[in-house]
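Hi there,

Here is the structure I promised to pass on. Have a look at it first, and then read my notes below.

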Amino acid sequence: MDSYTGDVSRIGETVLDVGTGEWDTAFEEALAHPVGDLLVMDRVILEPEWRGFGLGPVLAGTAIRRLSQDCVAVACEPGSADGRELTEAQHREAAAKLAGTWSRIGFEPFADGVYILDCHLQQPHDLLADRKREFIDLCHAWRARHRPRP
């Protein structure tokens with residue numbers, strides 16, 4: 001993991017027992033069925049003009065669902081990933097906002113700023129379905145409001 005970003009390395013150090021290379025005991029205990037691979041969500045970047053419509057959780061959740069087959073969990077460390085230089089306070093604010101966003105598709109705080117989504121639970125699937133319905137409802141409302149008038 002050293003060849004990846006510092007975030008990925010921190011995630012690895014948080015969920016793995018570095019000495020044995022096995023899952024950390026606390027990580028295993030946090031999961032319903034701690035068997036499988038780990039998917040690490042390193043970066044999700046949504047262009048600023050598309051933010052605020054609920055699209056981020058829908059796209060990330062859909063990608064996670066597709067990529068997480070046979071995974072025990074998905075792990076991430078919420079923070080700004082769009083290349084902007086941020087102060088420490090701005091970074092904390094961005095991380096808190098993203099943590100709230102990711103919780104809308106099932107991520108939960110684990111340890112040391114790392115969030116996990118347990119792939120063996122039904123809740124993440126239900127939450128993603130809810131986010132998709134919300135986005136579709138928003139699209140229908142926009143279309144109804146902006147439909148050309150005859």
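In what order do the elements of the protein run from the N terminus on? They run α-β-β-α-β-α-β-α-β-β-α, which gives five helices and six strands. Helices here are DSSP runs of H or I with at least four residues, strands are runs of E with at least two, and both are numbered from the N terminus.

Before the details, a word on how to read them. This is a predicted model, in which local features need pLDDT of at least 70 and side-chain atom pairs count only at pLDDT 80 or more, while totals for chains, interfaces and linings use all residues. Residues are numbered from 1 along each chain as its sequence is written, and side-chain values use heavy atoms, with hydrogens and water left out.

**Overall**

The C-alpha trace spans about 70 × 40 × 20 Å along its principal axes. Of the 150 residues, 32% are buried; buried means under 20% relative accessible area, exposed means over 50%, and partly exposed is in between (1.4 Å probe, protein chains only). Among contacts with a separation of 6 or more, 67% are between residues 24 or more positions apart, where contact means heavy atoms within 4.5 Å.

**Strands β3 and β4**

Strand β3 (residues 37-41) pairs with strand β4 (residues 71-76) in the parallel sense, over five bridges. Two strands count as paired if DSSP finds at least two bridges between them. Val40 has Ala75 in β4 as its bridge partner. Together with helix α3 (residues 55-67), β3 and β4 make a right-handed β-α-β unit. Right-handed means that, with the strands pointing away from the viewer, the path from the first strand over the helix to the second runs clockwise.

The largest nonpolar core has 14 residues, of which Met41, Ile64, Val74, Cys76, Trp102 and Phe107 touch the most other members. At least two residues of this core come from each of β3, α3, β4, α4 (88-103) and β6 (114-118), and β4 gives the most, with three. By nonpolar core I mean a set of buried Ala, Val, Leu, Ile, Met, Phe, Trp, Tyr and Cys residues joined through side-chain atoms within 4.5 Å. Leaving out residues up to four places away in sequence, Phe107 touches Met41, Ile64, Val74, Ala75, Cys76, Trp102, Tyr115, Ile116 and Leu117. A second, separate core of eleven residues includes Ile11, Trp23, Phe27 and Phe110.

**Aromatic pairs**

There are two aromatic pairs in the structure. Trp23 and Phe27 form a tilted one, 5.0 Å centre to centre with 55° between the planes. Phe27 and Phe110 form an edge-to-face one, at 5.7 Å and 80°. Why does Phe27 count as buried? Because its relative accessibility is 0%.

**Phe135**

Phe135 lies in helix α5 (residues 123-146) and is partly exposed, with a relative accessible area of 22%. Its C-alpha atom is separated by 7.3 Å from that of Phe53, 82 residues apart along the chain. Beyond neighbours within four places in sequence, Phe135 is in contact with Phe53, Gly54, Leu55 and Val58.

**Cysteines**

The structure holds zero disulfides, a disulfide being a pair of cysteine sulfur atoms within 2.5 Å. For Cys119, the nearest cysteine sulfur is that of Cys71, 5.5 Å away. Cys119 is buried, at 17% relative accessible area, whereas Cys139 is partly exposed, at 29%.

**Two aspartates in loops**

Asp70, in the loop between α3 and β4, has a positive phi of about 70° although it is not a glycine. Asp112, in the loop between β5 and β6, also has a positive phi, of about 50°. Are these residues buried or exposed? Asp70 is exposed because its relative accessible area is 67%, and Asp112 counts as exposed at 67% relative accessibility.

Best wishes

Note on methods:
Phe/Tyr/Trp six-rings, centres within 6.5 Å; stacked < 30°, edge-to-face > 60°.
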